[in-house]
Amino acid sequence: MELNDGHLQTLTEFLRKTLDPDPAVRRPAEKFLESVEGNQNYSLLLLTLLEKSQDTVIRVCAAVTFKNYIKRNWRIVEDEPNKVSDPDRTAIKANIVNLMLSSPEQIQKQLSDAISIIGREDFPQKWPDLLTEMVTRFRSGDFHIINGVLRTAHSLFKRYRHEFKSNELWSEIKLVLDTFALPLTELFKATIELCQTHATDVNALKVLFSSLTLISKLFYSLNFQDLPEFFEDNMETWMTNFHGLLTLDNKHLQTNDEEEAGLLELLKSQICDNAALYAQKYDEEFQPYLPRFVTAIWNLLVSTGQEVKYDLLVSNAIQFLASVCERPHYKHLFEDQNTLTSICEKVIVPNMEFRSADEEAFEDNSEEYIRRDLEGSVCQEPWGELETQRCCHLLGIVALLLFRGVLDL
């Protein structure tokens with residue numbers, strides 16, 4: 001398939017037909033695209049279309065089609081034919097980062113996913129310049145571009161949270177840290193300064209806090225396997241700023257929605273996760289910072305309402321306290337009677353209550369409610385995994401305090 005206007009027009013027509021609600025129109029169009037996707041330049045035609053088309057719907061459709069094409073075909077399976085030609089692979093990797101960063105957010109997310117799929121197969125051996133190309137964009141000052149880089153990096157690095165340890169994995173993480181850790185830290189500090197500068201600009205704060213949430217997620221991924229020397233050396237910078245963000249309250253970021261978490265809640269939830277990771281795995285290095293995080297997260301729990309939008313934040317905050325309770329050398333943090341009374345009255349009891357949102361969910365579909373509560377769920381619902389995790393962490397705190405003789409009932 002040549003890269004010409006005729007083929008672009010044909011592709012546009014068939015992509016439009018794939019959106020038709022009539023199966024008699026949609027299915028033949030889908031079959032046609034499947035029949036030609038093995039042709040050289042097919043993927044490049046999609047990229048050209050999503051870059052140059054004047055029709056936003058077609059651009060988004062081309063982006064989704066391209067991502068799914070990459071998902072199905074990029075991996076090279078031994079003893080099977082290469083489903084993406086070598087020239088196409090080279091051209092895609094040469095252009096996709098620029099295209100992703102210059103696209104609207106809706107398209108950017110699809111291309112970011114495609115980059116992460118390619119990266120899982122080709123990075124770093126077959127795509128050694130990917131990180132360097134991404135890191136240079138931090139200097140652009142354009143947070144649409146910066147957030148695109150951060151979102152892509154998160155997609156690439158989050159697998160470090162569940163990969164088995166191996167020399168190959170260590171080598172990759174070292175390469176990532178050598179290239180990415182310092183620019184990420186500098187971006188973190190600069191973004192916090194911008195938040196202070198634009199403290200009353202709602203639109204700017206939304207963009208900046210989205211960046212801080214992504215940066216915090218990247219911190220978690222890069223620190224999960226082991227404590228990198230770089231982050232140990234720069235722990236003061238990260239933990240001081242994390243603590244400041246944890247105690248921050250900005251009315252411009254508060255939301256009236258009772259069910260969907262806002263940017264401030266999402267950021268604080270991730271910081272609680274980061275603190276819990278350090279408390280669990282790197283408690284010796286984290287010990288100087290732990291008391292202030294205990295106090296901050298404690299106060300956060302005491303002051304946070306029972307609305308559904310706080311479920312993730314409360315669950316992660318309680319998980320942090322449960323992590324601290326597991327360590328015998330932190331027993332002194334829980335010995336004060338006023339502290340124990342506060343935990344019981346303002347944290348444990350309120351967060352084990354059956355809320356009106358839970359009651360409504362149960363009344364709407366009792367069987368589904370019980371199933372989700374037993375099995376857990378990744379859905380953003382007022383029941384399921386978060387409820388189960390929260391109760392488990394709360395009961396864990398009570399059990400540990402009783403066992404260690406800190407709590408006397």
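Predicted model: local features only at pLDDT ≥ 70, side-chain atom pairs only at ≥ 80, totals over all residues.
Residues are numbered from 1 along each chain as its sequence is written, and side-chain values rest on heavy atoms, with hydrogens and water left out.

The chain contains 20 helices and zero strands, where helices (H or I, at least four residues) and strands (E, at least two) are DSSP runs numbered from the N terminus. Of the 409 residues in the chain, 49% are buried, a term that denotes under 20% relative accessible area, with exposed meaning over 50% and partly exposed lying in between (1.4 Å probe, protein chains only). The chain exposes about 20,400 Å², of which carbon and sulfur atoms supply 49%; accessible areas come from the Shrake-Rupley method with a 1.4 Å probe. Among contacts (heavy atoms within 4.5 Å) with a separation of 6 or more, 70% are accounted for by residues 24 or more positions apart.

Helix α15 (residues 290–303) and helix α16 (residues 311–325) have axes that come within 10 Å and cross at roughly 140°, the axes being lines fitted to C-alpha atoms over the stretch in contact and the angles running from 0 to 180 degrees between N-to-C directions. The two helices α15 and α16 are therefore oblique to each other, since angles under 35 degrees count as roughly parallel, over 145 as roughly antiparallel, 65 to 115 as roughly perpendicular and the rest as oblique. On the α15 side the contact is made by L290, F293, V294, I297, L300 and L301, and on the α16 side by L313, V314, A317, I318, F320, L321 and V324. These contact residues comprise 13 nonpolar, no polar and no charged, with Ala, Val, Leu, Ile, Met, Phe, Trp, Tyr, Cys and Pro counted as nonpolar, Asp, Glu, Lys and Arg as charged, and the others, Gly among them, as polar.

Local backbone features were also found in loops. In the loop between α6 (105–122) and α7 (130–135), which holds P124, the peptide bond from F123 to P124 is cis, with omega near 5°. N41, in the loop between α2 (23–36) and α3 (42–52), is not a glycine but has a positive phi of about 80°; N41 is buried, with a relative accessible area of 18%. D79, likewise not a glycine, has a positive phi of about 70° and lies in the loop between α4 (56–73) and α5 (86–101), where D79 is exposed, with a relative accessible area of 76%.
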